[in-house]
Amino acid sequence: MNGQKTIIKLLNISKNFGNRKVLDNISLEVFAGETLVIIGRSGVGKSTILKHIAGLLAPDAGEVWVDGQELTRQKEAEVNELRKKMGVVFQYAALFDSLTVFENVAFRLLRDFRMPVAEAVEVVKKKLELVGLKDNLLDLKPAQLSGGMRKRVGLARAIAVDPEIILYDEPTSGLDPVSSEAINDLILEMQKKLGVTSVVVTHDMHSAYKVANRIAMIYDGKIIGTGTPEEIKQSQDPYIHQFVTGSVEGPMPVR
Amino acid sequence: MTNLIQRFGKFLAFFIHDMGEMVFLTIGINRWMFKKPFDGKLILEQMVKIGVESIPVAVNTAFFTGMVLALQSGYTLETKIKGVSQFIGAVVSISMLRELGPVLTAMVIAGRMGSAVAAEIGTMQVTEQVDALYTLAANPVKYLAVPRFLAFTFMLPLLTIFADLIGWAGGLFICSMKFTSSTIYIESTRSSVEAGDIMGGVIKGVFFGAIIAIVACRQGFATTNGAEGVGRATTNAVVFSFMLILISDYFLNAVLIALHI
Ligand SMILES: Nc1ncnc2c1ncn2[C@@H]1O[C@H](COP(=O)(O)OP(=O)(O)OP(=O)(O)O)[C@@H](O)[C@H]1O
Ligand SMILES: [Mg+2]
């Protein structure tokens, strides 16, 4: 993808938790308007990568560039400005459980954008519809929702202010096949209609093939391969092959 | 024995490290307090939770404390120094206003609300709700700590004044039943209590409120390790609050006396 504008760039990122090396000198680029899918086994550090891009974790070494700014060198106010262009879907939704569904989804509309409540209700209804939820949920608390519903409310919250960059941490895990497909369509639609740049972390290869422009696979703290869905599908790399075919036979230990 | 000393040393090191972090949090709270947006609704919510809903426990504590004070001081004054039971009103009022009102109220509130705040923020921390706040461009110190800090520092002095009154009434009740008439109790109060006694208690209330808020928020934000961590944060919030309330009470007394309040 030469000649394209880079929106997100990780440069030689390393991260340790305690004495455990989770990310080992990782570099990664995401171009404007593309959807990059990150795959890899549980615990390899996929969520950790997203948290670096969102500025929630600082790398031990390396640089994180988002929209032309290096996050680790910025003051919080500047990082905040960047975050205003960014929506983050958390792996476990991370809804505020003291707030209702409406207050969760409308959080930034009300607090940041000072939108009148009546107007916010309309926006929230529209976003809930996009993620396949009915608007009779508005006054419920997260504890009253099912896991899959919570996930989708989290997604609605992330897209509430029409961000330019969306980070999805396993957006379809825990969803039924029909809802998953709706979410895949939503990711595609956001890209086509709004030109959103996305990073999607997923285990779901069907979803990965469907939404990705490029797929990057992480293993043992490193990116072991990137390519188009077709290239990944045909990859001769034994690790990638084992992962995408979901086989117990191969170089990766099953344990 | 050496094991015990070691453990105490570890606790002390942890406590001192935490104190440093609390200083940072205090600076952060003061920096964010005056920035926009002004979260009026959140502040009000916390004032209700921390202040209004704590009235029953504060009343209960104060009333019985006042009764015990009257009983104990009345008994001591009558049997040990015969015939001075007309001073019960003074003893109860001054003790309540200067010491027991602020200190006991602070302890009850630390137990009831300091623990609750640590558990709430701790849970938000381990379930990534605090991270979510960052991504929604809401600084957690501003959104969570500032309203709680304001609510604690504003409501604790009010609760203290309330507790003083209730404790005084408890003393009046016991005194009039067992020792002297209520007129003597009231007269003794009037002749001994000065504005400084009331002020001193209120100033303590403000400090204790700030201590509970900062300790509880700090423990909440520092939570790791899931449910177990939330449990530890809650315990630490109460234990550290108690320790700091008692330690600072001594120094506040010294300062108040030096300032002739
Ligand atoms: N805050 C933390 N403190 C200590 N270790 C952590 C922390 N966060 C993550 N880790 C460790 O880092 C590694 C990567 O975690 P991460 O959540 O990024 O994995 P993941 O690839 O998203 O896994 P999954 O697919 O299961 O969500 C894990 O081994 C985890 O134990
Ligand atoms: Mg993850």
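## Basis of the model

This is a predicted model, in which local features need pLDDT of at least 70, side-chain atom pairs count only at pLDDT 80 or more, and totals for chains, interfaces and linings use all residues. Residues are numbered from 1 along each chain as its sequence is written, chains are lettered from A and ligands numbered from 1 in the order in which they are written, and side-chain values use heavy atoms, with hydrogens and water left out.

## The interface of chains A and B

In chain A, 23 residues are in contact (heavy atoms within 4.5 Å) with 20 residues of chain B. The two chains bury about 1900 Å² between them, and 57% of this lies on carbon and sulfur atoms. Buried area is the accessible area (1.4 Å probe) that two parts lose on being put together, summed over both. A:Glu76, A:Phe96 and A:Arg111 supply 30% of the area that chain A buries against chain B, more than any other three residues.

The rule also finds three salt bridges across this interface. A salt bridge is a side-chain nitrogen of Lys or Arg within 4 Å of a carboxyl oxygen of Asp or Glu. The side chains of B:Lys41 and A:Glu103 form a salt bridge, with 3.7 Å from N to O.

## The magnesium ion

Two protein donors, A:Ser47 (OG) and A:Gln91 (OE1), lie 1.9 to 2.2 Å from the magnesium ion (ligand 2). Donors are N, O and S atoms within 2.8 Å of the metal (3.2 Å for Na, K and Ca); water is not among the atoms, so sites may look incomplete.

Is A:Thr202 buried or exposed? With 3% relative accessibility, A:Thr202 counts as buried, because buried means under 20% relative accessible area, exposed over 50%, and partly exposed in between (1.4 Å probe, protein chains only). A polar atom of the A:Thr202 side chain lies 2.9 Å from the backbone nitrogen of A:Asp204. Leaving aside residues up to four places away in sequence, A:Thr202 touches several residues, among them A:Val37, A:Glu170 and A:Ser207.

Technical notes: Polar contact = N/O pair within 3.5 Å; in protein donor to acceptor, adjacent residues only side chain to side chain.
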